[in-house]
Amino acid sequence: MEERKPLLEVKGLKQYFKGSRQFTVKAVDGVDFVIYPGETYGLVGESGSGKSTIGRSVIRLYKPTAGQILFNGMDISGNLSSQQNQQLRTQMQMIFQDPMACLNPRKKVGEIIAQGLDIHHLYKNQAERQQKVADILRKVGLAPEHADRYPHQFSGGQRQRVGIARALIMDPKLIIADECISALDVSIQAQVVNLMKDLQEETGTAYLFIAHDLSMVKYISDRIGVLHLGHLVETGTTEEIFNNPVHPYTQSLLSAIPQPDPRTERNRVAKSYDYKQAGVDYHVGKRQHLEGTHYVLATDEELAKWTAKS
Amino acid sequence: MESANREHVLSIRDLSITFKTGAGPVNAIRGVNIDLYKGETLAVVGESGSGKSVTFKAAMGILASNSVVNSGSITYTYHHNDGSPATVDLLKMKTKDIRRHINGKRIAMIFQDPMTSLDPTMPIGKQIMEGMIWHYKTPKKEAWAKAVRLLEEVGIDEPEKRMRQYPHQLSGGMRQRVVIAIALACDPDLLICDEPTTALDVTIQAKILELIKRVQAERGISVIYITHDLGVVAKVADFVNVMYAGKIVETGTIDEIFYDPRHPYTWGLLSAMPDLDTDDARLYTIPGSPPNLLHPVPGDAFAPRNSYALNIDERMEPPMFKVSDTHYAATWLLDERAPKVEMPKELRARIRRMMKEAN
């Protein structure tokens, strides 16, 4: 286990956006994490915490301000040769939040799914192309006939399946799922999460699963990273985070999860956490190792205080 | 319960609504009955497309122009300022009268996305005052003072300064607070919240729900929540209506719905909700998707997705079977001739665990 080679390594990633000459938004401010092949890493945090920005930096939609992103040992944070670029674009895919907005409404679903194949010339003849599209549609629980329909003819859950099919057809090593279930209904969410889990077992893809819904993240992730204000405040396996949350922000997030249980729910008061009042400065904290893969961002005194309480 | 002295606020009877679309008529609401009493909280749960929003849009008189109300009534009971009660059928009122006497003044609505329900070109103070000035002809100074008080009440600091700010200058949670302040501006006695927290983060969601709860307790108003999130329902509701394909399939008190659900759809909804204590590798899902109401639905609309479906489900629509005085469910499984069917055992185990924890 210890000798596993990470698929994706993010080291000290910083992503700043210049608002004006005086004002810079530090969306991501020094984040480190790794993803191993075939596992799911869940990134959680409130809106504005920088979780989507990380996903977009990893897939090279943004150019990182500082830090390194290594994919399969290759640095992908700087400029790449066109050959490297090509290779990367087949191995890393993204699933977006809004399944209606991310599918071209004027193209048939078959065309949308096969677009990646067309660009990278990954088939010998039309028959093979059609076969590949039909296979992938079946894999995500749709019928091959659906290839001739347009996105608007599908329901939300089906559209998200098309989005997944489009990502999977390239046979990627890593899929970045950016809030891919937030726009769906509860019962459909469960269907999509189960589908993603099944596909992972079958194909061995790794997921970077970005979401704000901790209860769903718990189901799908092997390891979780908690983001707040562009800092990774706590990371560890799902059990470590849920059984022994150390950082007060993680604790407040966990306490805010609504439970389908009226008796406990009525008396539950969510733990509030205010960055300013808590007196925690993320800039001075450093990554403190707790156990296994469990890390927390804290100064020595803070760590002593938080661990002493529990 | 003290059902004798409960006062009706809203009662929807036999409501049926059809939308005329290019593809043909869509029968979105197929006979809905809902009762709401004073000071109580009602939650309507269902997937998107089940008709939960449409039902209450009908009550507000803001249905889309291609809709036709086939039958039914929505009676709303309120008190005039002098205390004399009045009962009206909202479906028979003219739009102009609803706007003048009901909307905002007596029934206020909070929508899902605060960015689209606020006017981006108007300072929020003006938006809060607008209703008061229009409905009650409140003098501007008085309206301003009340708006500041309302902003304080919903937990916005520096209200004087915020009054002059525009929606884009506020965060999502703050905007939703402003929307609540606007809804409360004319002292309504019924608040309809249509997915009030879906667009918000969990931490902020909890705060907004606590806010609505507090306001409700202070003012003694009735609240209707329209949501698909059972976690929200568990936190706030007294009574729950589960809606599926334009019909209420189960109704009961919150404890009855969560601890003793009878309809297979409710079982599915409850099981699909991830629970932090279970370690199942897979989530339970309801197979398939809701029916297309463009075509008439024979029998029970849920039958094709229901693993417990009986033969009769395909032919005849189940009536509401009575479980207790407050608990009704529309499923043939409750008929005395039906085979004995238990809820899925994972759900049973979870409910047992919840009961234990609560005690």
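User: How many helices and strands does the secondary structure of chain A come to?

Analyst: In this predicted model, the secondary structure of chain A comprises 12 helices and 12 strands.

User: What percentage of the residues in chain A are buried?

Analyst: Of the 310 residues in chain A, 45% are buried. As for contacts in chain A between residues at least 6 apart in sequence, 65% join residues at least 24 apart.

User: Turning to the interface, how many residues of chain B are in contact with chain A?

Analyst: On the side of chain B there are 34 residues, in contact with 32 residues of chain A. Elements of chain B that give two or more residues to this side are α8, α9, α10, α11 and α12.

User: Which of them gives the largest share?

Analyst: That is α9(B), with 5 residues. By type, the residues on the side of chain B that touches chain A are 18 nonpolar, 8 polar and 8 charged.

User: Now the strands: which way do β1 and β2 of chain B run, parallel or antiparallel?

Analyst: Strand β1 (residues 8–21) and strand β2 (residues 24–37) of chain B run antiparallel and are joined by 11 bridges. A hairpin of 2 residues connects β1(B) to β2(B).

Definitions and conventions. Residues are numbered from 1 along each chain as its sequence is written. Chains are lettered from A and ligands numbered from 1 in the order in which they are written. This is a predicted model: local features need pLDDT of at least 70, side-chain atom pairs count only at pLDDT 80 or more; totals for chains, interfaces and linings use all residues. Two strands pair if DSSP finds at least two bridges between them. Helices (H or I, at least four residues) and strands (E, at least two) are DSSP runs, numbered from the N terminus. Two residues are in contact if their C-beta atoms, placed from the backbone, lie within 7 Å. Ala, Val, Leu, Ile, Met, Phe, Trp, Tyr, Cys and Pro count as nonpolar, Asp, Glu, Lys and Arg as charged, and the others, Gly among them, as polar. A residue is buried if 20 or more other C-beta atoms lie within 10 Å of its own, exposed if 12 or fewer, and partly exposed in between; C-beta atoms are placed from the backbone.
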